Amino acid sequence: MTADLALIWPELILTIGGLITLMIGTFTSDRQVGLYQVASLVTLSAATAAVVALFGTDTTVFSGTLSVDSFGGFAKLLIYAASFMCILIAPRFFKDGMRAEYPVLILFAALGMGIMASARDLMTLYVGLELNSLAAYVLASFMRTDERSSEAGLKYFVLGALASGMLLYGISLLYGFTGTTDFAGIAKVMSGEMNIGLIFGIVFVIAGLGFKISAVPFHMWTPDVYEGAPTPVTTFFATAPKVAAMALMTRVVIDAMGPAVGTWQQIIIFLALASIILGAVGAIGQKNIKRLLAYSSINNVGYMLIGLAAGTQQGVEAILTYLLVYVVTTLGSFLIVMQLRDDQGNQVESIPALAGYSQRRPGLAAALAVFLFSLAGIPPLFGFWPKLLVFWAAVDANLVPLAVAGIVASVIGAYYYIAIIKTMYFDEKSDTEFPKGTGTVVEDAVITASALWLSVIGYLFIGVLAALSASAAAVLF
Amino acid sequence: MSGLPILSLMLAVPAIAAIACLFAGDRNARVIALAATLVNFVLGIVMWANFDIGGAQWQFQERHEGLFGPFNYALGVDGMALMLIMLSVFLMPLCILASWEAITKRVGLYMAMFLVMETIMIGVFAAQDLLLFYIFFEAGLIPMYFIIGIWGGANRIYAAFKFFLYTLLGSVLMLIAMIVMIGEAGTTDIPTLLVYNFPPETQTWLWLAFFASLAVKMPMWPVHTWLPDAHVQAPTAGSMILAGVLLKMGSYGFIRFMMPMFPDASGQLMWVVFGLSMVAVVYTSLVALVQSDMKKLIAYSSVAHMAIVTAGLYALNQQGIEGALIVMLSHGVVSAALFFCVGVIYDRLHTREIDRYGGLAVNMPAYALFFMLFTMASIGLPGTSGFVGEFLSLAGIYEASSTVAFVCTTGIILGAAYMLYLYRRVVFGELIKDDVKAMPDLNPREWAILAPLAAVALWMGVYPESFLAPMRGDVTTVVARLAPSKPAGDAHLAAGKPKAAAAGHGAPAHGSSHAGGVQ
């Protein structure tokens with residue numbers, strides 16, 4: 001037991017740090033932004049250090065309910081980094097509305113996501129998922145006085161509860177027909193004869209998880225919640241929970257349902273293609289940049305699912321590389337969205353207002369163009385690479401038709417990305433002024449660094465990325 | 001020459017200059033761009049001068065393993081790639097000069113896009129790694145999208161979208177085919193893949209996927225419709241580079257990948273290429289005949305010329321392929337020149353309507369002369385570059401199929417019709433319109449652009465051996481690779497018996513054998 005505790009340092013640090021931040025928030029005024037901000041950032045840094053220190057261990061703790069391995073470690077690094085950024089950018093956005101609950105909720109959500117990424121038992125899976133979700137519901141409605149924000153929170157909660165219900169139902173079926181909640185135990189039963197109960201269990205579990213990664217047809221909440229939630233929270237939703245849910249889904253599918261490939265593969269293929277196509281088509285008519293990025297995230301999840309459908313180590317490596325590149329791109333895009341403010345300081349979210357943006361803020365427009373081309377997967381931008389990897393995995397797994405369908409659909413997706421670039425670069429200037437000085441030095445540095453990394457420099461890191469994702473993916477096989 | 005990474009240098013010079021242009025003022029950006037493209041031109045000449053004709057197939061090779069994980073940074077050129085790189089570096093400074101005064105807004109970005117384009121073009125022709133090639137091939141969409149979209153004509157946004165999405169849809173299938181090839185052959189190295197024998201049934205699929213991509217890029221009928229739109233809307237220099245070099249990427253892909261890598265499929269499916277080329281030659285020539293927009297007319301003529309290229313390549317014999325390569329180079333020079341000729345008068349009158357002009361021979365004699373030369377070169381008058389290429393490729397096509405040769409020759413006649421008709425309406429006739437009367441003749445900058453183009457068009461027409469010699473060995477390699485799967489032609493050519501050499505001509509033969517003995 002004590003030995004086990006030594007292996008869950010990241011989780012312990014987050015728990016204690018979250019509680020300390022909560023205490024600071026309770027006993028000081030909400031105006032003391034610096035204090036609780038620093039406390040939460042230090043906590044996340046310490047947790048990240050702990051993950052790095054534990055990287056490479058491959059064992060399980062607490063009677064096999066939680067794993068400590070590099071797969072979880074890889075996911076946690078991404079989750080913590082994204083959470084870190086989301087805390088960092090918040091005070092400037094909320095201004096006077098900033099409260100200590102924000103970093104506390106993010107910390108607890110990060111804790112839950114860490115558990116999701118490491119869970120190897122249906123019970124820990126559910127605990128981690130709910131811990132993250134409860135924090136997320138509150139975060140979505142963080143701006144209490146804002147109608148859209150409250151609506152987003154409520155919508156997220158109702159649909160999230162429905163998904164949790166489905167997931168729980170699936171879990172109970174799996175437990176009922178296998179007699180265990182342990183992933184390895186489930187896999188053992190599945191390698192034998194399949195029966196209708198197991199199939200139903202698989203379907204419901206995947207449906208529940210599909211909601212969390214916002215795969216079509218469980219995506220309905222995504223555009224509304226992304227649009228309604230405060231932008232830093234949207235940034236958070238688009239990055240960290242995606243990583244956690246995708247890691248969780250990968251582990252459940254490969255570890256627990258691995259032997260039943262024939263059953264889940266077709267479900268995943270359907271989810272992948274539906275997400276790619278609907279994500280692309282749905283985005284075309286959008287006039288709000290946050291909604292558009294929501295559809296873009298649905299679309300990108302579809303590509304990750306192609307890697308999962310392959311069901312091979314190569315496919316999982318591709319997913320992990322994809323997640324990393326996706327998080328960097330999404331963080332960069334949302335940092336720019338946060339900087340879209342008119343001369344009154346109001347947030348601008350409408351895409352037509354961006355007309356001629358490249359002439360008002362050439363640097364930011366260029367960075368956003370890099371992010372969008374990268375999301376579209378156009379070489380030489382680095383977003384091309386993970387897309388290539390998932391298609392590669394699909395082709396090597398004899399899923400050539402899936403790869404062909406996916407890549408052809410990517411052309412539809414390219415349309416709306418280049419449509420924004422057209423608005424920024426080709427159109428005449430709109431009436432909206434975009435005064436300078438909207439970003440802090442740190443934000444600008446992060447935007448510049450990620451844009452440069454995604455332009456061509458990223459290709460130099462392919463070797464490192466491949467080694468890292470290979471060591472992480474290897475633990476599942 | 002060993003040691004100096006000349007290809008990397010040629011990639012780096014415009015790339016660095018592009019970044020500099022973004023931060024420079026309008027005036028400086030022009031100078032930087034011109035200087036960088038001239039440096040690259042000089043580097044190109046150095047490379048050509050040092051190219052060992054008849055030496056190793058691949059020269060100036062550079063290779064860095066493991067830099068990019070599963071694929072490599074590998075560059076190198078053979079004769080065909082060398083000539084196409086020369087075409088690119090030759091046209092680039094002229095394009096920059098052509099936009100010297102025509103482009104007034106956001107000059108820095110414009111020059112940066114052109115320089116990026118140059119890096120990409122050289123990269124496409126020099127890449128020796130399949131994935132590296134694809135990255136460069138696709139990357140060309142981005143700068144061209146901006147060039148058409150920002151500095152184009154009235155309907156530029158539609159044209160930019162159509163160009164981007166059309167060509168993207170084409171190329172993605174090629175990527176899947178490349179992944180399959182890498183999985184099958186276990187390497188991304190192009191020279192290795194060139195001699196790898198793929199199973200015939202796989203070849204058919206791979207061939208079709210490549211064809212889908214390259215046919216759009218080329219463009220072949222019926223997927224050519226993006227080209228007239230893109231050309232009409234693009235700024236003059238954009239059209240020059242699009243017609244001059246970007247279309248050649250498609251035909252380069254044919255001869256670099258489809259023919260030597262999938263020889264069985266090439267033999268079986270040559271009729272697909274022939275069929276589409278025949279339709280294209282006749283149909284697009286007829287369409288060109290009725291155009292009222294000068295740029296659109298030249299754009300359709302490009303489609304017709306590229307159809308001669310594809311038919312020549314798929315004759316699968318020495319003359320056909322050599323001829324097609326010369327047509328590629330010739331069309332690169334001539335169509336760029338023709339688009340510039342249109343640009344010259346467009347800058348003065350701001351319309352491309354043919355009917356708005358007339359009688360230019362009176363007040364713009366120098367212009368009329370140059371325009372005449374390029375019109376003739378486009379038609380294929382002996383003495384100009386067009387003749388050499390078209391004659392050789394038609395001779396090759398005839399060897400493969402007399403029917404195809406017959407239809408393609410019709411296209412040449414139609415080509416003469418639409419080009420001469422265009423010339424008559426623009427340059428001849430009476431000079432009655434007041435605004436046309438006021439148009440001044442060529443200025444020194446325009447002279448500086450047209451003179452080199454004219455010189456090259458004549459050089460290629462009078463002494464094509466300079467251009468053919470570096471490529472001959474590569475063509476022979478491709479023909480040898482295709483020989484087993486090539487269907488028999490219907491022409492049944494029989495070589496005549498040469499007359500016994502006259503006594504006076506024996507000496508050179510003796511001399512050359514003597515030289516061989518010394519080596």
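A residue counts as buried here if 20 or more other C-beta atoms lie within 10 Å of its own, as exposed if 12 or fewer do, and as partly exposed in between, with C-beta atoms placed from the backbone.

**Entry 1: ground rules.** I am working on a predicted model, where local features need pLDDT of at least 70, side-chain atom pairs count only at pLDDT 80 or more, and totals for chains, interfaces and linings use all residues. Residues are numbered from 1 along each chain as its sequence is written, and chains are lettered from A and ligands numbered from 1 in the order in which they are written. My helices (H or I, at least four residues) and strands (E, at least two) are DSSP runs, numbered from the N terminus.

**Entry 2: the two chains.** I looked up chain A and found 21 helices and 2 strands. Its C-alpha atoms fill a box of roughly 65 × 55 × 40 Å along the principal axes. For the radius of gyration I use C-alpha atoms, and the globule rule is 2.2 Å times the number of residues to the power 0.38. A compact globule of 477 residues would come out near 23 Å, and chain A has 21 Å, which agrees. Buried residues make up 59% of chain A.

Chain B has 22 helices and 2 strands. Its radius of gyration is 23 Å, close to the 24 Å from the globule rule for 519 residues, so chain B is as compact as a globular protein of that length. The box for its C-alpha atoms is roughly 65 × 60 × 50 Å, again along the principal axes. Of the residues of chain B, 59% count as buried.

I then checked contacts, where two residues qualify if their C-beta atoms, placed from the backbone, lie within 7 Å. Among contacts in chain A between residues at least 6 apart in sequence, 79% join residues at least 24 apart. In chain B, residues 24 or more positions apart account for 81% of the contacts with a separation of 6 or more.

**Entry 3: helix α18 of chain A.** I wanted to see how this helix sits. The expected span of a helix is 1.5 Å times one less than its number of residues. For the 13 residues of α18(A), 384–396, that should be 18 Å, and the end C-alpha atoms are 18 Å apart, which agrees. Is it enclosed or open? I count 12 of the 13 residues as buried, so α18(A) is largely enclosed by the rest of the structure. Among the buried ones are A:F384, A:W385, A:F391 and A:W392. The buried residues pack against α14, α15, α19 and α21 of chain A, together with α7 (156–185) of chain B.

A:N398 is exposed, with 9 other C-beta atoms within 10 Å.

**Entry 4: where A touches B.** I find 26 residues of chain A in contact with 27 residues of chain B. On the chain A side, α18, α19 and α21 each supply at least two residues. The most comes from α19(A), with 12 residues. I sorted that side into 22 nonpolar, 2 polar and 2 charged residues; Ala, Val, Leu, Ile, Met, Phe, Trp, Tyr, Cys and Pro count as nonpolar, Asp, Glu, Lys and Arg as charged, and the others, Gly among them, as polar.

Entry 5: A reminder to myself: most residues other than glycine have a negative phi, and most peptide bonds are trans. Which peptide bond in chain A did I note as cis? The one from A:V216 to A:P217, with omega near 10°. A:P217 is in the loop between α10 (196–212) and α11 (221–228) of chain A. In chain B, the bond from B:W221 to B:P222 is cis, with omega near 5°, and B:P222 is in the loop between α9 (200–217) and α10 (226–233) of chain B.

I also logged A:S63, which is not a glycine but has a positive phi of about 55°. A:S63 sits in the loop between β1 (59–61) and β2 (66–68) of chain A. This serine is exposed, with 10 other C-beta atoms within 10 Å.
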